[in-house]
Structures are given as structure tokens and as C-alpha cells.
Amino acid sequence: MNLIEKRLDETMAPWAMLHKDSGGRLYHQQPHEHRTCFQRDRDRIIHSKAFRRLGYKTQVFMNSAGDNYRTRLTHSLEVAQVARSAAQALNLNADYAEALALAHDLGHTPFGHAGQEALNHLMRDHGGFEHNRQSLRIVSSLETRYLEFHGLNLTRSTLKGMMKHAQVYECDPDLRPICQQRSQEQPGLEAALVDQCDRIAYVHHDLEDGLDARILNLDDLRGLDFWRTAWQDVLEQNPHTFQKVRSQVQIRSVIRYLMDHCIRDLQDTSSQNLRNLAIQNQADLKALKKSDYPVGYTSLMGERIRVMQDFLYQRLYRFPAVMQMSRRGARIIETLFGEYASLPALMPSHFQIRIAAFGLERVIADYISGMTDRFALHEYSRLTGHRML
Ligand code: MG
């Protein structure tokens with residue numbers, strides 16, 4: 001540990017992810033003098049190739065649909081911002097939360113969830129495909145920028161924080177002991193908080209992007225109680241200005257108001273739950289039953305988020321033009337997979353040499369899932385002679 005880490009450990013809550021409990025790295029490295037181990041994890045994630053590629057991957061709208069829509073990169077930055085503030089408000093480890101947030105979508109395929117579903121189907125006889133598991137493969141093996149090791153050699157705590165409980169997977173051999181540990185305990189508060197910040201960020205931002213794209217409209221939203229109430233509250237708080245600004249600014253003000261309430265609810269409710277459970281340290285936390293876990297919302301807010309998710313599902317994600325984009329993306333992935341399977345030499349040589357160790361299908365999945373939307377489109381044209389979109 002360095003001095004900065006020691007000082008921070010003294011100021012954070014005893015149930016926070018303390019630096020002394022980081023678990024070290026698989027390949028031993030000396031602590032940095034000026035950065036904490038979690039700041040260093042965060043920096044390694046930001047400097048990775050997989051992170052840069054998130055800028056050209058679909059969140060809901062394809063990258064080519066317009067420059068103002070969220071991409072996986074801007075979404076990850078927004079989740080990191082919310083997670084950092086929420087962690088700080090609860091006196092947790094904000095650097096650790098930030099690192100987890102920035103890494104949370106690294107393993108996503110091109111073309112959003114449709115891409116993941118297509119790849120999972122193609123991999124059905126070879127272990128499947130799942131983006132959280134792929135994020136782990138990226139940081140522990142696929143990124144190659146260091147002389148001494150494959151991957152980014154993140155701390156064991158960061159690796160563990162990236163593992164989702166519902167899928168404590170068949171891990172790569174190096175990670176197996178960490179997977180096993182993770183399967184026997186609850187996640188750290190920061191990891192659970194990042195999951196909720198992801199949810200908060202996407203429901204509010206998809207709403208905003210859907211309105212900008214004119215797929216959603218204000219009349220639809222006026223049918224929802226929480227929207228009408230928030231609109232009225234913002235109007236009453238700003239009686240002189242609200243009616244004078246254009247509707248886009250009104251919408252952004254209402255969404256900001258909603259998001260702020262949601263984050264405050266998460267912080268206040270989680271903090272109250274921690275007090276009620278009389279949590280003293282990390283060990284108390286990890287031993288809790290899943291149903292008692294303290295990160296959460298009031299029932300009213302939980303219900304509001306569910307209503308928003310339902311609304312987005314019905315009106316945005318299943319909108320014909322969005323579904324059509326998804327379907328095209330899935331077809332591109334199916335075609336690329338078939339091409340590489342019949343002629344592996346079509347892949348770059350640094351992927352081909354991994355076939356002996358990981359099998360042809362897993363290497364194809366690694367290669368395709370790392371692609372950006374636009375690279376996958378180029379590759380589709382190159383291999384088939386057809387242009388898609
Ligand atoms: Mg996300």
C-alpha cells in the first residue's frame with residue numbers, strides 16, 4: 001500500500017472497498033507512488049483499445065443514426081459519473097466504483113443486445129456468449145499492451161466486482177479461484193451501486209434519446225403519472241422561465257429532475273438500510289442474504305423505474321425501425337461468423353494463433369464481439385461484396 005491508500009482507508013466507511021483489501025494482482029507489481037491501486041485499474045481501462053471502441057458501438061441507436069445519441073462510450077462515462085457521486089455520498093470507494101463503471105460494458109458486441117443474442121445463439125454449442133463474461137476476457141486476456149502479462153492485470157477486487165452474481169461462470173483457468181470466491185459472497189457495495197447507476201443512467205438517457213429521435217413523444221409520456229408530476233414540479237419551481245424555453249429544454253429539465261430524484265433515493269435508501277442492518281464492516285456485508293442486501297430504492301421509486309423500463313421496452317426498444325436495425329445487425333454477425341468459420345485465415349493473424357488454445361468458435365466470438373458497428377459493416381461489405389444499410 002502507498003501513503004495515499006492508507007490515508008483514504010482511514011477516511012472511508014469500514015464497509016467500503018478498502019485498499020488494504022484489494023487482493024493484489026495476479027502478476028505481482030509494485031504499488032504506484034502517486035496513484036491508488038483502483039485509480040490504476042481505472043486508468044488501465046481508459047487506455048485500453050476495447051474502451052476506445054465503445055465510442056462506435058450501439059447503445060440503442062446505431063452510431064450512424066446521429067451524432068447526438070448515446071454510444072456505449074458516452075453511456076459508460078455517464079454511469080461512471082453517477083457511480084462516483086453516489087459512492088462518495090455513501091463514503092465508499094469512488095475510484096473503485098468508477099473503475100467498475102467504466103469497465104461494465106467493455107464486452108458488448110456491435111449492434112447492441114441484438115448482436116449479443118445473435119452471437120450467443122451462434123455459440124450455443126461452444127459455451128455461449130455473454131457480455132459480462134466477455135468484459136472479463138478482455139481485461140484478463142484479450143488486451144495486449146504490456147510486456148509481462150496478457151490483459152490489464154487488474155486487482156482481484158476489480159475482477160471480482162466485474163463478475164455478476166447470476167452468472168458466476170465457468171471462468172478462464174487463471175480467474176477460477178476469484179470466480180469461486182465471488183460465488184460464495186455478496187458483491188461489494190460499490191459493485192451493487194454501479195449496477196443500479198447503470199440502470200438509472202440508461203432509463204433516463206434512453207428516454208431522452210427516444211424523444212430526440214421523435215420515436216417517443218410528449219403525449220405518450222403525459223399518460224404516465226410520474227412524468228406529469230415531475231413536469232408540474234419543475235414548472236412550479238421555475239414559474240418565470242419554464243414556459244418560455246423550447247420544449248427540448250423543458251424535456252431535459254424534467255429528465256434531469258427525475259434522474260436527480262432517483263439517485264438521491266438510491267443514496268438515502270441504501271444509507272438507511274445500512275443503518276437498519278447495523279453493518280459494521282465488509283465481512284457483515286458479504287455474509288448477508290441476497291434479499292437483505294442494502295443497496296436499493298424506496299418501493300415507490302422501484303416501481304417508477306419498472307414503469308419506465310416497461311414503457312421503454314414497449315415504445316422504444318420494440319419500435320419497428322429500432323427492431324429493423326437490430327435485425328440487420330444480427331444478420332451481419334451471422335454472416336461474419338459463417339465466413340470466418342469456413343475460412344479462419346480471413347481473421348487477423350494475432351487472432352488465428354489463439355485458435356489452438358481457445359478453439360475456432362471462441363476466437364471468432366472474441367473477434368466479432370470486439371468489432372465496432374462500422375467495422376462490422378465494412379467487414380460485411382468486404383467479405384460479401386454487398387452493402388448493408
Ligand atoms: Mg450499461
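Ile200 touches Met259, Cys262, Ile263, Leu266 and Tyr297, with residues up to four places away in sequence left out of the count; contact here means heavy atoms within 4.5 Å. The model is predicted, and local features need pLDDT of at least 70, side-chain atom pairs count only at pLDDT 80 or more, and totals for chains, interfaces and linings use all residues. Residues are numbered from 1 along each chain as its sequence is written, and side-chain values use heavy atoms, with hydrogens and water left out.

Ile200 belongs to helix α10; helices are DSSP runs (H or I, at least four residues) numbered from the N terminus. Ile200 has a relative accessible area of 1% and is therefore buried, a term for residues under 20%, whereas exposed means over 50% (1.4 Å probe, protein chains only). Ile200 and Ile263 are 63 residues apart along the chain, and their C-alpha atoms are separated by 7.5 Å.

Helix α12 (residues 225–237) is described next. At 1.5 Å a residue, its 13 residues should span 18 Å, and its end C-alpha atoms are 18 Å apart, which agrees; the expected span is 1.5 Å times one less than the number of residues. The buried residues of α12 are Phe226, Trp227, Ala230, Trp231, Val234 and Leu235. Seen down the axis of α12, these buried residues fall within an arc of 165°, so they line one face of the helix; the arc is that of the directions from the helix axis to the C-beta atoms. They pack against α10 (189–212), α11 (218–222), α13 (247–277) and α15 (299–317). On the other side of α12, Asp225 and Glu236 are exposed.

On a 1 Å grid over the protein atoms alone, a cavity is a set of points where a 1.4 Å probe fits but cannot get out, and a pocket is an open set with protein on both sides within 12 Å along at least five of seven lines; lining residues have an atom within 4 Å of a point. Grid points are joined across faces, edges and corners, and a volume is the space filled by probe spheres set on the points. There are two cavities of 30 Å³ or more.

| Space | Volume | Lining by class |
|---|---|---|
| Largest cavity | about 70 Å³ | five nonpolar, four polar, one charged residues |
| Second largest pocket | about 580 Å³ | 10 nonpolar, five polar, seven charged residues |

In these classes, Ala, Val, Leu, Ile, Met, Phe, Trp, Tyr, Cys and Pro count as nonpolar, Asp, Glu, Lys and Arg as charged, and the others, Gly among them, as polar. Helices α5 (94–103), α7 and α10 each supply at least two residues of the largest cavity's lining.
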